[in-house]
Amino acid sequence: MSDSIQQKDTLTIYFVSKDGTKQEVKVPPGFTIMEAAKKFADTSIDEIPADCGGCQACGTCHINIKEDISRVGPAEHNSLETELMEMQPEYDRMYSRLACQVILRPEHNGLIVHLRDMENI
Ligand code: FES
């Protein structure tokens, strides 16, 4: 892929901390929200520890996608993803997702991702 094509296809997503701080991250499609937070953010986003590295085993990449959930889709009921999140503080049945389970596509450009309170991580 040439640089110009990669640049054109790059998505912008926004990570919003509990204090309202918004961090813009540019990421090519095909990566997960977790990878955007750990590999593409200027500084790794602490609110997404991602202890298992994306294996869907730790639940520490729990995020909330309030206003944009219709663009991403909710986690399936009775899935491993839901099981891991249900044990986490700030779990919301409608808006919680694991950042390592959401693969970014062009239609996700401009996505807003709400981060958890550091005290709950
Ligand atoms: S990084 Fe461990 S479940 Fe997502």
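Asn78 is placed in the loop between α3 (69-72) and α4, where helices (H or I, at least four residues) and strands (E, at least two) are DSSP runs numbered from the N terminus. Although Asn78 is not a glycine, its phi is positive, at about 60°. Asn78 counts as exposed because it has 8 C-beta neighbours inside 10 Å; under the criterion applied, a residue is buried if 20 or more other C-beta atoms lie within 10 Å of its own, exposed if 12 or fewer, and partly exposed in between, with C-beta atoms placed from the backbone. The model is predicted, and local features need pLDDT of at least 70, side-chain atom pairs count only at pLDDT 80 or more, and totals for chains, interfaces and linings use all residues. Residues are numbered from 1 along each chain as its sequence is written.

With 17 other C-beta atoms within 10 Å, Glu90 is partly exposed. Asp92 is also placed in the loop between α4 and β4 (96-98), and its 15 C-beta neighbours inside 10 Å make it partly exposed. The C-alpha atoms of Asp92 and Leu80 are 15 Å apart in space, with a separation of twelve residues in sequence.

As for the overall architecture, the chain contains four helices and five strands. Read from the N terminus, these elements follow the order α-β-β-α-β-α-α-β-β. The radius of gyration of the chain is 14 Å, which agrees with the value near 14 Å for a compact globule of 121 residues; the radius is taken over C-alpha atoms, and the globule rule is 2.2 Å times the number of residues to the power 0.38. Along the principal axes, the C-alpha atoms fill a box of roughly 45 × 30 × 25 Å. Buried residues make up 32% of the 121 residues of the chain. Of the contacts between residues at least 6 apart in sequence, 64% join residues at least 24 apart, two residues being in contact if their C-beta atoms, placed from the backbone, lie within 7 Å.

Strand β1 pairs with two other strands, β2 and β5, where pairing requires that DSSP finds at least two bridges between the strands. With β2 (residues 22-27), β1 runs antiparallel and is joined by six bridges. Within this pair, Leu11 stands opposite Val27 in β2. The hairpin of β1 and β2 has five residues between the strands, and Gly20 in this hairpin takes a positive phi near 95°. The pairing of β1 with β5 (residues 112-114) is parallel and extends over three bridges, with Phe15 opposite Val113 in β5.

Helix α2 is largely enclosed by the rest of the structure, since six of its eight residues are buried. The buried residues are Ile33, Met34, Glu35, Ala36, Ala37 and Lys38. Their cover includes β1, β2, β3 (62-64) and β5. Ile33, which lies in α2, counts as buried because 28 C-beta neighbours are found inside 10 Å. Apart from residues up to four places away in sequence, Ile33 touches Ile63, Ala99, Val102, Leu104 and Val113. Between Ile33 and Ala57, 24 residues apart in sequence, the C-alpha to C-alpha distance is 16 Å.

The largest nonpolar core comprises 26 residues, of which Ile33, Ile48 and Ala99 touch the most other members. Such a core is a set of buried Ala, Val, Leu, Ile, Met, Phe, Trp, Tyr and Cys residues joined through C-beta atoms within 7 Å. At least two residues of this core come from each of β1 (11-16), α2 (33-40) and α4 (80-86). The greatest contribution is that of α2, with four residues. In soluble globular proteins, nonpolar side chains tend to be buried together.
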